[in-house]
Structures are given as structure tokens and as C-alpha cells.
Amino acid sequence: MLTVWGRNNSTNVKKVLWCLEELGISYQRIDVGGQYGKLNDPLYRSMNPNGLIPCLQDDDFILWESNTIVRYLAAQYGDGTLYLPDARLRASAEKWMDWATSSMAEPFKAVFIGLVRTPPEQQDKVKIAQGMTQLNTLMAIADQALEKQAYLSGDKFGIGDIPLGCLAYAWFNLSIERPPLPNVERWYHSVSQRAAFQKVIDIGLS
């Protein structure tokens, strides 16, 4: 059985869990990180020297970095479903995975941590506002792309939708003002109806 190391309310862990649920793979999850600690335990550091989550254990194969784990799972277990054999179609979908991580992670963190995990009296309103401005700009880029295709992965749901889908869950559930993005809203409604999303992503903000 596969083992996922990481707490279930971590955005990066959610990516892996969502992928596993879509593939229908049995797995166990071990709480690590946040209130659970253990990131500096020798056992965990021996698997992930970065001391970050998630970490995947597939028999004697150990893998870290959430997007890489999702790619691995799709390639190893998702032939005919999440894995796209055509290199160009696959790259076109996967670019959205890295875009969500490289471009959106920092402004998202400023907004999410600022509003959800920081007491009101300690919140940095300027930093939150700056993060919101960046997120609005980036979500507009996704909206433009989704005007031309049903999903970030193309005509069908795929791994390219998972990272932004995790962030979009918070985006649509935070008490914030969102600009009208009809294509993102249509896409989010679609992905949020998936059983895997409802099981591991739609668990509340914390």
C-alpha cells in the first residue's frame, strides 16, 4: 500500500490525495507537519531531507515534491485516465501545475495565512492586499485560458487542474472580494463536483 506523509489540510498534500482518489488507489496517510510536528524526526528526514510535506512512499520508492508526486502517480497508475501519452498535450497540461506553484504560491500564502491562520489583530493588511492584487491578475490569466478549453488539462479533467483546483477551493471560500471570472467559475464548479474533490479538498479552511 502507498503511504502519504503529511497533514490533510496542507495544500500540497491535498494535491497528492486528490490524484490518488481520482485513480482509485488504496493508500494510508500519516499526519506530519503543522501541529503534528515530526518534520525533523530522523526517520522523516531520511525520506525527505528538506523537512517538508508531502512525501510519498511506494514500497521502497520514496518521492517528494507534490507536483512530481502527482506526475509520477499519473504515469505509474493512470495510463488511459490521468496520464496523457501525447507529449505536447501532456506538457500543455503540466505547465499549469508549475504555474500554480511558481506564480501563485507566494501571493496565495500571503492571503491564506494572513486571513485564515493569523489572528485578526496580527494581520498584515498591506501584505494581504498586495497578495490579493497579484492573485486577481493571475486568476485572470487562467480565466482567459479557460475561455478556450474546458479544463486546464484540455478537453478533459487531468493533473493540470489539480494544483490550481486546490488553491481555488480557498479562493472561493475565503471572505474576500473576487473579480468576475466566469470561465474560472464554470471550471471550478465542474471540478468541485468530482467525488475525489469533495472527499479530500472540500474539508473546510484551516
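Predicted model: local features only at pLDDT ≥ 70, side-chain atom pairs only at ≥ 80, totals over all residues.

Reader: Within what distance do the axes of helix 1 and helix 7 come, and what is the handedness of the crossing?

Author: Two packed helices are described by the angle between their axes and the distance between the axes. For helix 1 and helix 7 that distance is within 9 Å. Helix 1 passes helix 7 in a crossing that is right-handed.

Reader: Which residues make the contact of helix 1 with helix 7, and how do they divide by class?

Author: Helix 1 contributes T11, K14, K15, W18 and C19. From helix 7 come I162, P163, G165, C166, L167 and Y169. By class, this contact has two charged residues, two polar residues and seven nonpolar residues.

Reader: How are helix 7 and helix 8 oriented to each other?

Author: The axes of helix 7 and helix 8 (residues 182–192) come within 11 Å and cross at roughly 110°. Angles of 65 to 115 degrees count as roughly perpendicular. Helix 7 and helix 8 are therefore roughly perpendicular.

Reader: Which residues make the contact of helix 7 with helix 8, and of what classes are they?

Author: On helix 7 the residues are L164, G165, A168, Y169, F172 and N173. On helix 8 they are V184, E185, W187 and Y188. The classes are one charged, two polar and seven nonpolar.

Reader: Is E94 buried or exposed, and which residues does E94 touch?

Author: E94 lies in helix 4, and its relative accessibility is 16%. Buried means under 20%, so E94 counts as buried. Leaving out residues up to four places away in sequence, E94 touches R71 and I159.

Reader: What is the relative accessible area of T101, and which residues does T101 touch?

Author: T101 lies in helix 4 (residues 87–102). Its relative accessible area is 35%, so T101 is partly exposed. Not counting residues up to four places away in sequence, T101 touches N67 and K15.

Reader: How far apart in space are T101 and Y36?

Author: Along the sequence, T101 and Y36 are 65 residues apart. In space, C-alpha to C-alpha, the separation of T101 and Y36 is 24 Å.

Reader: Which residues are in contact with E22, and what separates the C-alpha atoms of E22 and L82?

Author: E22 is found in helix 1 and, at 22% relative accessibility, counts as partly exposed. Leaving aside neighbours within four places in sequence, E22 is in contact with L82, F157, R194 and A196. E22 and L82 are 60 residues apart along the chain, and their C-alpha atoms are separated by 8.3 Å.

Terms used. Residues numbered from 1 in each chain as written. Heavy atoms only, no water. Axes fitted to C-alpha atoms, helices over the stretch in contact; angles between N-to-C directions. Helix = DSSP H or I, 4+ residues; strand = E, 2+ residues; numbered from the N terminus. Left-handed = near helix turned anticlockwise from the far one by under 90°. Contact = heavy atoms within 4.5 Å. Nonpolar A, V, L, I, M, F, W, Y, C, P; charged D, E, K, R; others polar. Parallel < 35°, antiparallel > 145°, perpendicular 65-115°, else oblique. Buried < 20%, exposed > 50% of the residue type's maximum accessible area, 1.4 Å probe, protein only.
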